[in-house]
Amino acid sequence: MASADVRYDLGECYPRPRRLLLAPARAVRADLAFARPVTLLVSDHNPGAAELAAELRAALLQATPPRARSSRSLAELRFSVAAVSEAERETIGMAAVLSRANPAVPEAAQQPGALFFLLYLRDDTFAGEAGERLAEQLRLLRTLATPLVPQSWLARHPRVLLVHERDRARGGCAEFGRFFETTPEDLVEGGLYADIAVAFHEEPFRQVSLALAARKLGACANI
């Protein structure tokens with residue numbers, strides 16, 4: 001990317017006001033790292049989510065200066081990805097991850113640190129049987145956000161990272177408002193979209209999107 005700043009439109013992230021974010025390109029190339037371990041939960045019922053998580057993981061490694069890249073690992077980044085699925089008895093479901101008591105839960109998801117659940121929004125999100133299972137996983141997360149749940153306990157459980165795919169080649173859609181029509185009504189009314197989604201465009205703007213998503217997860221940059 002050129003060294004000039006990149007204007008990046010986040011106006012589609014309803015319901016917030018339309019605005020432009022001026023993101024220095026050097027921030028995309030910064031050495032991004034996490035101050036504490038971060039685990040990103042990826043649903044097998046969310047089409048394209050695993051690919052997006054892999055793209056983000058690759059970008060974090062790529063952000064490392066070339067002289068240090070060969071020795072840097074994901075463990076040193078303190079970033080890991082864990083799949084959750086309700087399809088088979090042998091797979092790890094959302095309830096097991098939330099309890100963290102199941103020995104089959106990935107070790108990364110049991111460690112102290114931040115947990116995020118990736119919700120990757122594109123044309124086919126919430127479609128068919130996969131969409132129903134994804135909605136059930138999100139409902140499990142929503143049950144945590146009640147006055148009866150101690151904040152100290154809630155802090156150790158997943159927050160939702162919203163990603164809005166806008167690249168048509170990846171099944172994206174231009175208007176965020178579409179998801180208010182395709183998402184189960186109880187999830188919308190429960191505040192699923194209260195946070196601002198990170199919009200993912202095609203290149204070269206995608207590099208900015210990846211940096212913004214990493215920062216949402218708590219990554220810090222050493223420029």
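Reader: What should I keep in mind about the numbering and the values?

Author: Residues are numbered from 1 along each chain as its sequence is written, and side-chain values use heavy atoms, with hydrogens and water left out. Since the model is predicted, local features need pLDDT of at least 70 and side-chain atom pairs count only at pLDDT 80 or more, while totals for chains, interfaces and linings use all residues.

Reader: Why is the pair of Phe 176 and Tyr 193 called edge-to-face?

Author: Rings of Phe, Tyr and Trp (its six-membered ring) pair if their centres lie within 6.5 Å; planes under 30 degrees apart are stacked, over 60 edge-to-face, and the rest tilted. Phe 176 and Tyr 193 are 5.3 Å apart centre to centre, with 80° between the planes, and that is edge-to-face. The structure holds five aromatic pairs, and one aromatic cluster is formed by Phe 176, Phe 179, Phe 180 and Tyr 193.

Reader: What makes Phe 176 count as buried or exposed?

Author: Buried means under 20% relative accessible area, exposed over 50%, and partly exposed in between (1.4 Å probe, protein chains only). Phe 176 has 1%, so Phe 176 is buried. Tyr 193 is at 3%, so Tyr 193 counts as buried too.

Reader: What makes strand 7 a partner of strand 6 and of strand 8?

Author: Six bridges join strand 7 to strand 6 (residues 114-121), and these two run parallel. Leu 118 has Leu 161 as its bridge partner in strand 7, and Tyr 120 has Val 163. Strand 7 also pairs with strand 8 over three bridges, again in the parallel sense, and Glu 165 stands opposite Phe 200 in strand 8. As for cover, five of the seven residues of strand 7 are buried.

Reader: Why is helix 2 called roughly perpendicular to helix 11?

Author: Axes are lines fitted to C-alpha atoms, for helices over the stretch in contact, and angles run from 0 to 180 degrees between N-to-C directions. Angles under 35 degrees count as roughly parallel, over 145 as roughly antiparallel, 65 to 115 as roughly perpendicular and the rest as oblique. The axes of helix 2 (residues 49-62) and helix 11 (residues 206-216) come within 10 Å and cross at roughly 90°, which makes helix 2 roughly perpendicular to helix 11.

Reader: Which residues of helix 2 and helix 11 meet there?

Author: Contact means heavy atoms within 4.5 Å. By that rule, Leu 52, Glu 55, Leu 56, Ala 59 and Leu 60 in helix 2 meet Arg 206, Leu 210, Ala 213 and Ala 214 in helix 11. In helix 11, the buried residues include Arg 206, Leu 210, Ala 213 and Ala 214.

Key: Helices (H or I, at least four residues) and strands (E, at least two) are DSSP runs, numbered from the N terminus. Two strands pair if DSSP finds at least two bridges between them.
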